[in-house]
Amino acid sequence: MLLLALLIAAVALAQFQGQERGRGSGFGGGRGGGGRNEESSYRATEITTDRGNTPNWPLDAAFPHDVFTFTRIKYRSSGYERTSFAWFTDYRDADLNFSFRLQQMTSLKVNPEPQVVELTDPRLFNYPWVF
């Protein structure tokens, strides 16, 4: 157990040291992660519908709302990250990949369009599981 705790601490420390040196936002990247700062005018609502290599799949027309929807919490960080885009790490790529793999590997019906909500958004209560 001690070895596992030390390994986790080492990974976390390496991630934070990388942020201090301006090398991005730790683990992440792709189309949505890393490198954004407070001066950026980039918003989640401005993200393109680019799915990369992730295929789209149809929903059952009889039950369009009876699906699992991956939902990410959008927040503003006031802590160590010093950026309003800490929630944005690996956004869109990871959300799409998780949704696709869940659809592909389980019998769950999964919404092909992940959602982003703020903690004050009333839609939050429509999603029982959030990231």
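**Aromatic pairs and salt bridges across the chain**

At 38% relative accessibility, Glu118 is partly exposed. That class sits between buried, under 20% relative accessible area, and exposed, over 50% (1.4 Å probe, protein chains only). The model is predicted: local features need pLDDT of at least 70, side-chain atom pairs count only at pLDDT 80 or more, and totals for chains, interfaces and linings use all residues. Residues are numbered from 1 along each chain as its sequence is written, and side-chain values use heavy atoms, with hydrogens and water left out.

Glu118 has a charged partner. Its side chain meets that of Lys74 in a salt bridge, 3.9 Å from N to O. The term requires a side-chain nitrogen of Lys or Arg within 4 Å of a carboxyl oxygen of Asp or Glu. Glu118 belongs to strand E2 and Lys74 to strand E1, 44 residues apart, and the pair links these distant parts of the chain. Helices (H or I, at least four residues) and strands (E, at least two) are DSSP runs, numbered from the N terminus. Lys74 is partly exposed too, with a relative accessible area of 28%.

How many salt bridges does a search of the whole structure find? It finds six. Another of them joins Asp95 to Arg72, with the closest N and O atoms 2.5 Å apart. Asp95 lies in helix H2 and Arg72 in strand E1, so this contact ties together parts that are 23 residues apart in sequence. Are the two residues buried or exposed? Both Asp95 and Arg72 are buried.

Tyr91 is found in the loop between E1 and H2. It counts as buried, at 7% relative accessibility. Tyr91 and Arg72 are 19 residues apart in sequence, and their C-alpha atoms are 8.6 Å apart in space.

Glu113 and Arg51 form a salt bridge through their side chains, at 2.8 Å from N to O. Glu113 is in the loop between H2 and E2, whereas Arg51 is in the loop between H1 and E1; 62 residues separate them. Arg51 is buried, with a relative accessible area of 11%. Glu113 is partly exposed at 32% relative accessibility. Salt bridges with shared partners join Arg51, Arg92 and Glu113 into one network.

Now the aromatic rings. A pair of aromatic rings is described by the distance of the centres and the angle of the planes. Rings of Phe, Tyr and Trp (its six-membered ring) pair if their centres lie within 6.5 Å; planes under 30 degrees apart count as stacked, over 60 as edge-to-face and the rest as tilted. The structure holds seven such pairs. In one of them, the rings of Phe70 and Trp129 have centres 5.6 Å apart and planes at 55 degrees, so the pair is tilted. Phe70 lies in the loop between helix H1 (2-20) and strand E1 (71-74), and Trp129 in the segment after strand E2 (115-118), so the contact ties together parts 59 residues apart in sequence. Phe70 is buried, at a relative accessible area of 5%. Trp129 is partly exposed, at 38% relative accessibility.

Trp129 also pairs with Phe98. This pair is stacked: 6.0 Å centre to centre, with 10 degrees between the planes. Phe98 sits in helix H2 (residues 93-105), 31 residues from Trp129. Its relative accessible area is 35%, so Phe98 is partly exposed.
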